[in-house]
Amino acid sequence: MKYFIVIVSILAFSFSASAQASGKHMGSTGVGGDLSIQNNEGKMIPIGAQADTKGNPLLLDNWVSGKVNLKNGSSFSDSALNYSLFEDKLYFKRDNQFFIVAGIINDFYLAVDNANKSQQLYHFVSGYPASANSNENTFFQLLTDGGKYQLLKWQHKKIREVYNYGGANETEYVNQEVYYVFEKVAHKMWSINGNKTNVQQIKNTLPIDESIWKAYLENHAANSKGEQALIDFVSYLNK
């Protein structure tokens with residue numbers, strides 16, 4: 001599965017738990033089949049679609065350690081967390097059974113261990129103003145933060161049907177993503193539109209003084225495309 005991440009190299013990733021992961025399981029076990037999970041209110045929440053759907057509805061291929069901060073101020077750590085981009089829900093695993101995390105989540109972290117003993121850290125946050133694709137409970141991946149701006153990425157997976165001439169039709173998970181800049185003082189979300197990801201999109205969207213743009217290009221003209229370029233540019237604006 002392909003996915004994008006913010007890479008943070010740290011020597012250790014430890015959390016102190018002040019709460020316990022809680023939830024209620026009902027249904028099948030194992031990602032990729034006809035899965036369903038029941039939350040504490042009895043609502044059925046599927047984390048998969050059809051048994052033969054290609055791909056993965058989850059953000060990560062493996063279950064990883066992380067920390068969850070709830071809106072009520074409590075938090076907990078767990079060694080087996082994963083985030084469903086298909087259902088926009090966070091899950092934890094116990095004995096090969098999957099449970100939705102109970103409670104209203106403010107933000108959460110997921111840490112992926114690398115072979116070189118560094119870690120790739122994902123931070124997802126909710127509570128932003130509503131947009132065309134989201135509401136205040138939608139999670140965004142926080143790519144970079146500063147005094148003026150945050151760079152965010154909204155991700156979602158939908159199921160697409162693939163038509164095969166002369167053969168059976170198939171279904172597969174397809175990833176969608178949109179970048180946003182959150183302006184803190186104005187409390188405003190700016191959608192970064194365009195088919196090709198580059199810093200010009202941010203320049204054309206935000207009210208940036210032309211002198212700042214020219215100063216940035218003097219040292220970064222050769223590196224203006226891709227997610228890392230967006231991170232670098234927003235970090236520059238925050239300075």
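Is D95 buried or exposed? In this predicted model, D95 counts as exposed, because its relative accessibility of 76% lies over the 50% cut-off. The residue is found in the loop between β6 (89-94) and β7 (97-100). The phi of D95 is near 55°, a positive value in a residue other than glycine. Most residues other than glycine have a negative phi.

H187 also has a positive phi, near 50°, and is likewise not a glycine. This residue sits in the loop between β12 (170-183) and β13 (188-192). H187 is partly exposed, with a relative accessible area of 48%.

The chain as a whole contains three helices and 13 strands. Of its 239 residues, 45% count as buried. Contacts across the sequence were also examined. Among contacts between residues at least 6 apart in sequence, 54% join residues at least 24 apart.

Two of the helices meet. Helix α2 spans residues 210-220, and helix α3 spans residues 227-238. Their axes come within 11 Å and cross at roughly 130°. The angle therefore makes α2 oblique to α3. The crossing of α2 past α3 is right-handed. On the α2 side, the contact involves I212, W213, A215 and Y216. On the α3 side, A229, D232, F233, Y236 and L237 take part. Eight residues of this contact are nonpolar, one is charged and none is polar.

Strand β10 (residues 140-145) holds T144. T144 counts as buried, because its relative accessibility is 13% and the cut-off is under 20%. Setting aside residues up to four places away in sequence, T144 touches Y149, Q150, L151, I231, V234 and S235. One of these contacts is polar: the side chains of T144 and S235 are joined at 3.1 Å. At 13% relative accessibility, L142 counts as buried. The C-alpha atoms of L142 and K153 are separated by 6.7 Å, and the two residues lie eleven residues apart along the chain.

Note on methods:
Residues numbered from 1 in each chain as written. Predicted model: local features only at pLDDT ≥ 70, side-chain atom pairs only at ≥ 80, totals over all residues. Heavy atoms only, no water. Axes fitted to C-alpha atoms, helices over the stretch in contact; angles between N-to-C directions. Helix = DSSP H or I, 4+ residues; strand = E, 2+ residues; numbered from the N terminus. Parallel < 35°, antiparallel > 145°, perpendicular 65-115°, else oblique. Left-handed = near helix turned anticlockwise from the far one by under 90°. Contact = heavy atoms within 4.5 Å. Nonpolar A, V, L, I, M, F, W, Y, C, P; charged D, E, K, R; others polar. Buried < 20%, exposed > 50% of the residue type's maximum accessible area, 1.4 Å probe, protein only. Polar contact = N/O pair within 3.5 Å; in protein donor to acceptor, adjacent residues only side chain to side chain.
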